[in-house]
Amino acid sequence: MTWRGDVISDPAVRMEEDFNRGGLWAAVVVMIGWHLLASLPTVISGWLKVGPAGSGGVIWLVFALVGAASAWIVLHGGGHSMALPLVVCPTLLIGALIGSLSARYGFFGPYNWPFTVTGWFALVALWRHRLAALLAFFVANTLVGLAALVALGQTDRLSVARFIMLCAGVSVLQITIFVGSRAVASTARRAAEAQDALARTRTKQLAAEAVQAARRIRYEAIRETVLPLLDGLVTGRLDLADSAVRQEVAVAVGRLRRSLVENDEVPDPLSHELRACADVAERRGIAVDLVAPTGTIPALPVDVRRALTEPVIRVLATSAKRARITVVASPAEVVVAIIADAHLQAQLSAT
């Protein structure tokens, strides 16, 4: 995925989702563990002492079904819409209200467990939503508990103080897990973004260094090709009236032209470079027939292409009127042949 503005790269998104999923698994495990290891023994003991109604046995089964459905949906990537919370949250609040009103020994008795565990189920159901949604549920749960407290007539100062402490105790862990998981996932995302940015910067540096190195190599090749000729012409050691000098000049021009097109982004670099060599000869009035390659030319490194085109450049430099270039290629071998009305013929193959 390409980085554009504030768009998060794919590795960063995956990193954030992985850490977020880890927090979700922690919430699911705590929800299941609390429901089985803390609530279930209370329900069983209450069932034996005060009966199913006073112990909240039916509510325990409903909460178990709601929690299992929420965990399955959210762990499989769902829960982004309000459909799940609109089903789960009212069910939890109704269960908390019924459990508080029907619990034997009052609101603060041992069997009013539904009010204290609703937060874990809400945490899983609201995992894909904002913190405000979870806080709204705890506010609603507090209002439900307050209504039950009033209905039971437990509104003395001590009961209200105990209620406030209870509301804080049954919400702080869930909020901590929710906020902490988001913070860790966000930190992981920023770390992945920084790593990705560093990798892109390093890649650009390496590309720039490679380009610079290629330019230095081309400069040295051009310098070695042209400088001796220019020096000879300036000092008078070389005379353009000499046919051998003119041929060396033609070879140098062909090499220069090849160097200029070596880094062009083309599907077939070898044919592209041969075409450039042929263009140089055609400007000198030579009719060059560059035949379409027979077979598919494989990817060849620059040094191999230079070895294949160098005889072509030299033969074209000595040609008088006509030349014909053919290429025969296979996955294992590439043969470049040139026939011209010159003093030599050249054929070179590379595997």
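View 1. R275 counts as partly exposed, at 29% relative accessibility (buried means under 20% relative accessible area, exposed over 50%, partly exposed in between, with a 1.4 Å probe and protein chains only). In this predicted model, local features need pLDDT of at least 70 and side-chain atom pairs count only at pLDDT 80 or more, while totals for chains, interfaces and linings use all residues. Residues are numbered from 1 along each chain as its sequence is written, and side-chain values use heavy atoms, with hydrogens and water left out. R275 meets D279 in a salt bridge, with the closest N and O atoms 3.2 Å apart (a side-chain nitrogen of Lys or Arg within 4 Å of a carboxyl oxygen of Asp or Glu). The two are four residues apart in α9 (residues 269-283), so about one helical turn separates them. D279 is also partly exposed, at 22%.

**View 2. E310 and its arginine partners.** Here E310 and R258 form a salt bridge of 3.2 Å, N to O. Because E310 lies in α10 (residues 302-318) and R258 in α8 (residues 243-261), the pair ties together parts 52 residues apart in sequence (helices are DSSP runs of H or I, at least four residues, and strands are runs of E, at least two, numbered from the N terminus). Both E310 and R258 are buried. E310 also bridges to R314, at 3.9 Å between the closest N and O atoms. Shared partners join R255, R258, E262, R306, E310 and R314 into one network.

**View 3. The largest nonpolar core.** Take a look at the 32 residues of this core, where F63, L92, W113, L123, W127, L134 and F137 have the most contacts inside it (a core is a set of buried Ala, Val, Leu, Ile, Met, Phe, Trp, Tyr and Cys residues joined through side-chain atoms within 4.5 Å). Leaving aside neighbours within four places in sequence, L134 touches A122, L123, L126, Q174, I175 and F178 (contact means heavy atoms within 4.5 Å).

**View 4. An aromatic pair, F137 and F138.** These rings are edge-to-face, 5.9 Å centre to centre with 70 degrees between the planes (rings of Phe, Tyr and Trp, the last by its six-membered ring, pair if their centres lie within 6.5 Å; planes under 30 degrees apart count as stacked, over 60 as edge-to-face and the rest as tilted). F137 is buried, at 3% relative accessible area, and F138 is buried at 7%.
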